[in-house]
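Open the model in your viewer and keep the selection tool at hand. Each stop below says what to select and what is there.

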Amino acid sequence: MQIRTLGSTPFMVGRVALGCVTFGREIGEAAAFELMDYAVEQGINLFDTAEAYGEGASERIVGRWLRARGCRDQIVLQTKVTTDFSPAHVREACARSLDRLQCERVDVYLMHSYDARRPIAESLEAMTWTVDAGRAEAIGCSNFTAEQLRTAIEAGAARQLAPLRVLQPVYNLVAREAEDRLFALCAEHGIGITSYSPLGAGFLTGKYSGDRTAMPAGSRFAIKPAHADLYFHPANFAALDQLRRLSETTGHSLATLAMAWVLRQPAIDSVLTGARDKSHLDNALHCLRHLAELAAVWEDAAHRFA
């Protein structure tokens, strides 16, 4: 497993990480335990969860697995507070997450989204408390735009608050907004990047026809129909058609090509893979082992997706 330092944090993480969004929502505890065991066997050490995943079920499953395996120190544990970043709520939410995770601290604690209703300085003060109190080693954010992240960085620096050290953006072949300014801003400020949704919640595997009444049973879009609002657009289906042609030409699957697109991005430290079974991790690990070959494929083909 290739490893990197996660931004300015002290953590070394594998290029492939385990996204635990499926736990308690799409797969049960036994399957999740098996998946976490397999991830560790393959050298994956960053596990990402959130209080919102399965309404706390994901954190509870991860916590029971950590207790059962006794391997907390082997895992870089990242979780998130959903919204309302007031001091009182962040303390409460952090305490509940730690209780579910059966831990005294998490390694990375993220704001799950930007809360425009509250001054960002107030949110950062609340998040800084988690570091000062020893509840988190590092703080960060998810789903921030470049402008929101810059505002947060400047507000935190002005008040000498704990710096944002990790960003979790969506990034894939058809969701590339982070390329414009976000990646450069993170590099400038030493912020590590753990991107998510490399396959577009399954969109880039070609399983969706665009018919909202015919979602494959058990698929991410069937469970969370709002994903269709994000991905069902003519430009995205055009890119998917191009990806199919590239797959036919090269012999690589759509999922392999889509994952390789993300792994070849040097700005990203670790790519979260939201898995339901081992095959989803295997695809990411295969891409990592053959990244030089797959990156060469994309060198020749990237102009088609500009």
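**Strands and barrel**

Select Val106 to begin: Val106 stands opposite Ala136 in strand 7. The model is predicted, with local features needing pLDDT of at least 70 and side-chain atom pairs counted only at pLDDT 80 or more, while totals for chains, interfaces and linings use all residues. Residues are numbered from 1 along each chain as its sequence is written, and side-chain values use heavy atoms, without hydrogens and water.

Now select residues 106–111 and 136–142, which are strand 6 and strand 7, paired in the parallel sense over 5 bridges. Strands are DSSP runs (E, at least two residues), as are helices (H or I, at least four), numbered from the N terminus; two strands pair if DSSP finds at least two bridges between them.

Widen the view: 8 strands close into a barrel in the order 3-4-5-6-7-8-9-10, with parallel pairing. From one strand to the next, the twist averages 30 degrees.

**Salt bridges**

Next, select Arg181 and Glu147, which form a salt bridge with the closest N and O atoms 3.4 Å apart. Here a salt bridge is a side-chain nitrogen of Lys or Arg within 4 Å of a carboxyl oxygen of Asp or Glu.

Then select Arg150 and Glu188, another salt bridge, at 4.0 Å between the closest N and O atoms. Arg150 is in helix 5 and Glu188 in helix 6, so this pair ties together parts 38 residues apart in sequence.

Finish with Glu26 and Arg25, whose side chains meet in a salt bridge (2.6 Å, N to O). The whole structure has 18 salt bridges.

Conventions:
Axes are lines fitted to C-alpha atoms, for helices over the stretch in contact, and angles run from 0 to 180 degrees between N-to-C directions.
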